[in-house]
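Work through these exercises with the model open. Each one has a task, then a stepwise solution.

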Amino acid sequence: MFEADDLSSDLSGRAMHHLVSELFPICRSITGNGLRQTLRKIQDYIPLTTCEVPSGLKVFDWTIPAEWNIRDAYIKSSAGDRIVDLRASNLHVVSYSVPVHVRLSLAELKKYLFSDPDHPDCVPYRTSYYSPTWGFCVAHNQLVSLQEDEYEVCIDSVLEPGHLTYGQLRLAGNSADEVLISCHICHPSLANDNLSGIAVAAALAQYLRNRDLRYSYRFLFVPGTIGSIAWLALNQAAIGSIKHGFVLTCVGDAGAPTYKRSRRGEAEIDRAWVYTLQQSGDPFTVVPFSPFGYDERQYCSPGINLSVGCFMRTPHGKFPEYHTSADNVSFVKPAALRDSLDRAIATIDVIENNVTYVNQKPMGEPKLGDYGLYSGIGGTSADDYQMALLWLLNMSDGTASLLDIAERSGLPWDILKQAAVALTSADLLMRQ
Ligand code: ZN
């Protein structure tokens, strides 16, 4: 149906959506075979390398946990029917549940059942990574309909020393300075949070991989929190090369785009995102940094303090399907994935081309007609291209970058780039 390299070239977004549907059934957690299977699937599309970090390894203030794998889990009625079954949805088991095989009364069983009365038809998503326990998640309507019975409860899981797995891809540009693009890969069958981020990140890597790039690009596919902390702790020598970055999450729902600023607030990447969102003319939201959310928290911790923001559509917790079985493949829209990819590409184009020029004829305006650059007829208003020539000449005193001029003039990026090329060819601008 789709070729492996269609993620970025398919303008409909359906190739990315197909990847989301391929990844959806896999039972993922912060460690385990589901992660490896997920990374192998992404390798069908981009040449990721994977890294295995051993359980017990200290990473900053954290320790890599035991590896968790699960074969089967169910609750059976005394009649032998599987009334709750991992095979039906991997959200049914609290992630990192320890193994158990017992018979319980309804009252005893209920101590281990989690539901969400606000979304009574949905199975909620629960985890217990760092305190050993077990549990099942069920729709509230199912919970209240359970009859008195003796239930057979089984979680066939294994929690033992192993590894935490993450994937990364580095695309070499002309500079060793890097742009970091990160997404989390630890959620089980939840599509927007965060299979959408995986699909858009993989598509972005495909888009960038055969281009002549100013920056090098590092894509990280890591389990949330512990994965980014592990990467940072194990790659401290690489941190200094990261000049810009963003986390991709919840980028497939039909809501308007949202950009969360980095801790620095006005970093170049923050300004580039805000400028491209403004230029689109579509509704969008920009939110300030806060130490809650996704892995931007780790990249923006005070000792790291990278210029890393977070791009999403509807933020986590703000859509009713969030962390429930309703965040499924059909909740994610191909057109929204494509729109998110296009916005990331537009922002990267700003970062790639944000250079500073110096006007070589700064005494009065140069006589543009003599350079073939004056097309206007006296008395008519200047078009965007003529205005771009004038803004570039006026502000290019060596202190203003192309993004500074774009922000101040409000002109479209492509027209400013085009005008800068023309002025450079005419020797009126020189790149600093
Ligand atoms: Zn989440």
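Buried means under 20% relative accessible area, exposed over 50%, partly exposed in between (1.4 Å probe, protein chains only). This is a predicted model: local features need pLDDT of at least 70, side-chain atom pairs count only at pLDDT 80 or more, and totals for chains, interfaces and linings use all residues. Residues are numbered from 1 along each chain as its sequence is written, and side-chain values use heavy atoms, with hydrogens and water left out.

**Exercise 1.** Find the protein donors of the zinc ion.

Step 1. Apply the cut-off: donors are N, O and S atoms within 2.8 Å of the metal (3.2 Å for Na, K and Ca); water is not among the atoms, so sites may look incomplete.
Step 2. His187 (NE2), Asp193 (OD) and His323 (NE2) qualify, lying 2.1 Å from the zinc ion.
Step 3. Their spacing in sequence reads H-x5-D-x129-H.

**Exercise 2.** Are His187 and Asp193 buried or exposed?

Step 1. His187 has 9% relative accessibility, so it counts as buried.
Step 2. Asp193 has 0%, so it is buried.

**Exercise 3.** Check the span of helix H9 (residues 268–280).

Step 1. Helices are DSSP runs (H or I, at least four residues), numbered from the N terminus.
Step 2. The expected span is 1.5 Å times one less than the number of residues.
Step 3. For the 13 residues of H9 this gives 18 Å; the end C-alpha atoms are 18 Å apart, which agrees.
Step 4. Now look at burial: the buried residues of H9 include Trp273, Val274 and Tyr275.
Step 5. Just after H9, Gly281 takes a positive phi of about 80°.

Notes: Helix = DSSP H or I, 4+ residues; strand = E, 2+ residues; numbered from the N terminus.
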